[in-house]
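Visitor: Could you take me through this model? I would like to begin with a single residue and its contacts.

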Amino acid sequence: MEAHEKVAPSVIWSIIGTAGVACSGILVETSMNVTFPTLMKVFNQSLNNVQWRITTAYLLAVTLTIVLAAYLQRSFKFKSLIIAAGTAWSKTKVSEKPYSIRGSKAFCSD
């Protein structure tokens, strides 16, 4: 590659997208680790138990998401997926009560 050869915009966007996904993965893993002490108190469990269960659940969710995304991309058109995702998102309800773990074993503040 010559020093003055231009890089295609698709390559630049691919690099930006990869960096964004990597940063969001790090953010999710960090926030997951921050919740360990709280989960240990709430469920009265050891660090090893909480860490193993939460990390396993997270990795299973990531694996299922990757497999499902690959299947959906092969099976449906991009426009159909966006419309279905937008419709599903618009049908969700936001909880009327904010959830809290302070002083409540039911995780719902009254």
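Visitor: What does L39 touch, not counting residues up to four places away in sequence?
Guide: L39 touches N44, V50 and I54, where contact means heavy atoms within 4.5 Å. This is a predicted model, in which local features need pLDDT of at least 70, side-chain atom pairs count only at pLDDT 80 or more, and totals for chains, interfaces and linings use all residues. Residues are numbered from 1 along each chain as its sequence is written, and side-chain values use heavy atoms, with hydrogens and water left out.

Visitor: Which residues make up the largest nonpolar core?
Guide: That core has 5 residues: M32, F36, L39, V50 and Y58. A nonpolar core is a set of buried Ala, Val, Leu, Ile, Met, Phe, Trp, Tyr and Cys residues joined through side-chain atoms within 4.5 Å. Buried means under 20% relative accessible area, exposed over 50%, and partly exposed in between (1.4 Å probe, protein chains only).

Visitor: And which elements give two or more residues to this core?
Guide: They are α2 (36-43) and α3 (47-75). Helices (H or I, at least four residues) and strands (E, at least two) are DSSP runs, numbered from the N terminus.

Visitor: How many helices and strands does the chain have?
Guide: The chain has 4 helices and 0 strands.

Visitor: What share of the chain counts as buried?
Guide: Of its 110 residues, 5% are buried.

Visitor: Turning to V7, where does it lie?
Guide: V7 is in the segment before α1 (9-34).

Visitor: Why does V7 count as partly exposed?
Guide: Because its relative accessibility is 41%, V7 falls in the partly exposed class.
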